[in-house]
Amino acid sequence: MESFSFWFFGGCTLIGSLLVALCPKLVHSAFSLVLALIGVAGLYWGLGADFLGGVQLLVYVGGITILFIYGIMLTPKGATKWSLGSLLFPGVIAVVPLCVMLHLAWKGLESVIKPVDAGVPQPTVDAIGRGFLNREEYLIPFELASLVLLAALVGSVYLARRKKES
Amino acid sequence: MQPLAGYVFLGTAMFVLGVFTMVTRKNAIYVLMGAELILNAAALNFVAFARYMGNRLDGQMFAIFIIILAAAEAAVALGIVLQIHHHFPSIDVSKPDRLGD
Amino acid sequence: MDFFDDATPAWYALAILLLPAAGFCWNAFTYRTEFTRKRGHIVPLLTIGTALFCALTIFKHAVIDGDVGDTPHAASATHDAPAHDSGGADAPPAAGSLADPRWSWSSKAHGVVYRIIDTGALRIDAGITIDHLTATMLLVVTLVAFLVHLYSVSYMHGDKRFSRFFAFLQLFSFSMLGLILTDNLLLLFCFWELVGVCSYFLIGFWFEQDEPPKASMKAFMTNRFGDVGFLIGILLVYRMFGTTDLAEIYAGLQAVAEGRAALPPLFGWEAGTLLTVAGLCLFTGPMAKSAQVPLHIWLPDAMAGPTPVSALIHAATMVAAGVYMVGRIYFFFTPTALAFIAGIGTVTALVAATIGLVHNNIKKVLAYSTCSQLGYMMLSLGVGGYSAGLFHLYTHAFFKACLFLGAGSVIHAVHTEDMREMGGLKSKLPVTYRTMLIATMALGGVPFFSGAFSKEMIVEHALMWGWSHGLAHMLPAIVAIGGGGLTFFYMMRLIYLTFYGAPRDQHKFEHAHESPPAMTIPLMVLAFLSFFSVGWPMPFLGGHKLPELLAAPPALASIALGHGADHGHGGFALAFGVLVLSCLVIVFGYRLYKQTYKDRNPGPEVWVARLRPLHTTVSNLYYFDEFYRATIVRFSYATARVLALFDSKVIDAIVNGVGTVGQLIAAGFAAFDRIVVDGLVNLNGTVCHALGSRLRRLQTGNLQDYLAFAVGGMAFVTLLFLFLA
């Protein structure tokens with residue numbers, strides 16, 4: 001079951017990401033991104049992070065993507081035309097890390113990190129909630145995150161406001 | 001249990017594709033999407049490693065914070081994109097190549 | 001238990017020394033601030049007041065309590081001798097030993113030493129020595145300095161360089177106290193020059209005016225003559241004893257006197273000549289500093305400075321430093337040198353007193369009086385009256401400071417220094433008048449006033465010296481006795497011209513008013529001290545003990561030359577005789593004054609007419625200035641002209657030649673510079689420019705390029721790690 005979910009959602013993620021990177025049209029890419037993000041949410045569930053998967057769906061798929069589509073509607077239409085010259089250097093710098101990571105993932109990872117199997121994961125919502133409100137764990141980052149969000153809110157409103165023409 | 005290497009590979013692929021998107025596309029929205037891919041790759045790695053080191057919660061916590069920051073980033077970045085669009089007629093990121101005064 | 005058992009006095013002494021220095025620094029470094037400009041007197045007053053307190057402590061323990069006065073130990077032995085354990089345990093000096101019987105405390109015995117120079121050949125250790133002489137001088141200097149500081153607050157009020165004046169006063173106090181405390185001849189010389197330069201600054205304090213700069217230059221140049229001799233003397237002493245430490249010099253001379261050592265031969269002179277020459281060289285310093293004929297000419301001109309300065313520097317302390325210095329190295333003088341000192345003192349006492357009779361400037365009369373009194377002190381030291389001379393220095397400091405400050409008060413009131421424009425001020429300036437009268441009595445030697453005690457001791461010694469050396473040597477005694485009459489006459493003349501009679505300048509008289517308390521309080525304190533400190537009714541401040549405590553050291557030089565020490569006390573009969581004689585002379589002086597000025601029978605004009613040639617000579621100050629102008633100054637100018645000629649013809653030619661050669665060499669170097677050095681520099685620039693113009697293409701300003709570079713760099717580093725691992 002876990003294997004199936006990994007292959008399925010992993011496939012969604014990979015294909016979604018590839019389409020984001022390669023689709024000539026912006027709208028297509030945006031919907032591919034939705035696919036990739038849903039895939040990540042599925043992976044989270046597969047990893048036992050049920051709460052996180054929900055958050056991923058709500059915030060990313062439901063919020064950020066809508067934001068993108070809203071942004072897309074504001075911009076002129078146009079399609080990317082690929083050419084060999086424009087792809088060469090990015091391709092090289094993308095392939096090199098990929099190869100290195102693959103090499104590491106298949107050869108070296110098991111020797112560096114000894115996986116500890118702690119059995120089937122339990123639901124995490126309760127633990128995360130307590131962790132956020134525990135002074136000795138994540139209370140302060142939690143509060144700071146709310147401040148960051150507030151600042152981002154105010155900042156984006158300020159930025160998006162139509163300036164008075166001088 | 002599914003080996004850790006699979007998740008690491010997926011994360012790497014997302015990261016690389018994100019960088020590729022950011023580097024090759026001229027449209028600012030694409031650049032932001034690339035950034036989202038990169039962030040998701042990092043979060044996926046966090047969660048996977050946490051799972052494979054004894055069902056720890058820390059990784060998930062960090063992933064949650066990453067999502068929070070990504071939301072904030074997306075909001076601010078889209079504001080900036082709007083400003084660029086307003087200032088230049090387009091949202092081509094190769095246009096604003098010098099510092100303003 | 002005992003104040004002088006450990007190093008405590010050194011800290012007191014250092015506080016006395018360094019507090020005024022700190023005050024000077026404070027005023028000098030904060031002179032821009034509002035506080036220092038307007039209230040520049042506060043810090044100096046505090047420092048000098050604290051120094052006064054410390055000096056009082058030392059004086060109390062050393063003189064009044066006589067803490068260790070009864071346990072003398074050799075000053076020469078302080079280096080290796082441990083501090084004495086308890087009073088009475090010390091054995092008295094062995095009979096026939098020439099160790100200094102006087103009590104003295106040296107900081108070197110207690111580990112407080114400051115090594116200043118150590119070149120191997122020359123070593124200078126600055127230590128502090130305290131004996132009765134030092135303790136007394138400390139008290140006198142700090143006390144007079146404090147009172148003068150206080151007085152200046154009012155006197156200098158409103159002067160645009162108010163804070164600078166106090167800074168100089170502080171610097172002077174520091175130098176003078178250092179001069180007193182040091183135990184090294186070379187350091188004494190350094191402080192000696194410091195007080196000289198302070199005197200220069202303060203005489204020329206009002207440098208916008210015409211006279212003060214000239215007077216300060218004159219004072220400085222005249223002192224140079226003396227200081228050259230002083231320095232030569234120090235070098236001679238160093239050649240003889242290999243040290244400039246006073247205690248070591250004493251020990252060296254003691255060894256010679258006891259026949260344990262011999263002086264090294266120098267210029268082929270025998271020991272007597274050598275000691276005499278060195279002593280006389282050393283004496284030229286005090287001769288200039290203490291304004292002895294023929295180097296006295298600067299002191300009257302120095303009155304161009306502010307009056308508090310005249311009181312502090314040119315009456316009470318700095319000019320007395322010469323006398324103090326002679327006292328410090330008293331053991332070093334041979335009978336010949338002492339006779340010379342006595343002769344100089346005699347001439348000075350007489351010459352200055354006679355000029356004082358005819359001068360009309362109130363401050364200059366006082367200056368000549370100071371000169372004359374310093375002559376008295378030198379005379380006294382010369383005839384063997386060591387304690388009498390230093391005692392006179394002590395009493396003179398108070399009453400002369402009082403007189404000068406009084407004169408300052410008068411000048412403050414009538415804005416003139418010419419006594420012909422004063423008169424009748426008695427009613428206007430009652431406090432000034434009374435205090436000055438008391439000081440005049442003290443200076444004149446009226447019995448029961450402080451001056452009388454010291455003066456009679458001087459006369460006594462002069463008489464005994466003359467008696468034992470033959471008739472020709474009676475001259476100092478005669479001058480000492482007769483001078484008393486002259487002194488009293490010219491001082492009463494000053495008082496008369498200033499305070500009695502009808503006002504000769506009605507306008508100035510009407511505008512005169514008594515000075516504020518800041519000026520009158522110092523006057524009253526000084527008048528009190530000139531009467532009571534060593535006066536008859538009460539033994540105040542230990543003054544009654546001073547003559548005994550200031551006992552002379554063994555005359556080592558005389559003993560070394562085979563002369564016996566001719567100390568002796570004339571006994572009660574002589575003392576009484578001198579007292580009667582002095583009284584007679586004073587009465588004669590008073591009669592003369594009364595007849596001339598009060599009764600005008602005949603008046604002073606008649607005397608002037610009768611003694612026309614003498615009066616002209618004296619009025620022209622014995623033509624000293626003219627003589628110097630015709631000889632030394634002229635010679636200096638002539639020499640300067642010859643040297644200038646030499647300069648312009650020979651030296652300039654050499655310099656020009658050197659310049660031409662230099663130009664040629666420089667041309668060679670310039671060529672090298674142009675071709676080689678500039679070439680290298682240009683090459684450097686070209687390479688940089690070429691590199692830069694290629695590399696700048698990377699700076700596209702495009703965000704995506706930068707991101708690509710960053711990720712490319714990351715990939716490169718990852719690869720590197722991979723292969724290295």
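Modeller: Helix H6 of chain C, residues 185–203, has 19 residues and should span 27 Å at 1.5 Å a residue; its end C-alpha atoms lie 26 Å apart, so the two values agree. The expected span is 1.5 Å times one less than the number of residues. Helices here are DSSP runs of H or I with at least four residues, numbered from the N terminus. This is a predicted model, in which local features need pLDDT of at least 70 and side-chain atom pairs count only at pLDDT 80 or more, while totals for chains, interfaces and linings use all residues. Residues are numbered from 1 along each chain as its sequence is written, and chains are lettered from A and ligands numbered from 1 in the order written.

H6(C) is mostly covered, with 15 of its 19 residues buried (20 or more other C-beta atoms within 10 Å of a residue's own, placed from the backbone).

Further along chain C, helix H15 (residues 386–414) packs against helix H16 (residues 430–444) at about 145°, with the axes 9 Å apart. Axes are lines fitted to C-alpha atoms over the stretch in contact, and angles run from 0 to 180 degrees between N-to-C directions. Residues in contact have C-beta atoms, placed from the backbone, within 7 Å. H15(C) contributes C:Phe399 and C:Leu403, among others, and H16(C) contributes residues including C:Met436 and C:Ala439. The contact holds eight nonpolar, five polar and one charged residue (nonpolar: Ala, Val, Leu, Ile, Met, Phe, Trp, Tyr, Cys and Pro; charged: Asp, Glu, Lys and Arg; polar: the others, Gly among them).

Chain C also meets chain B: eight residues of chain C are in contact with seven of chain B.

Terms used: Contact = placed C-beta atoms within 7 Å. Helix = DSSP H or I, 4+ residues; strand = E, 2+ residues; numbered from the N terminus. Buried ≥ 20, exposed ≤ 12 C-beta atoms within 10 Å, placed from the backbone.
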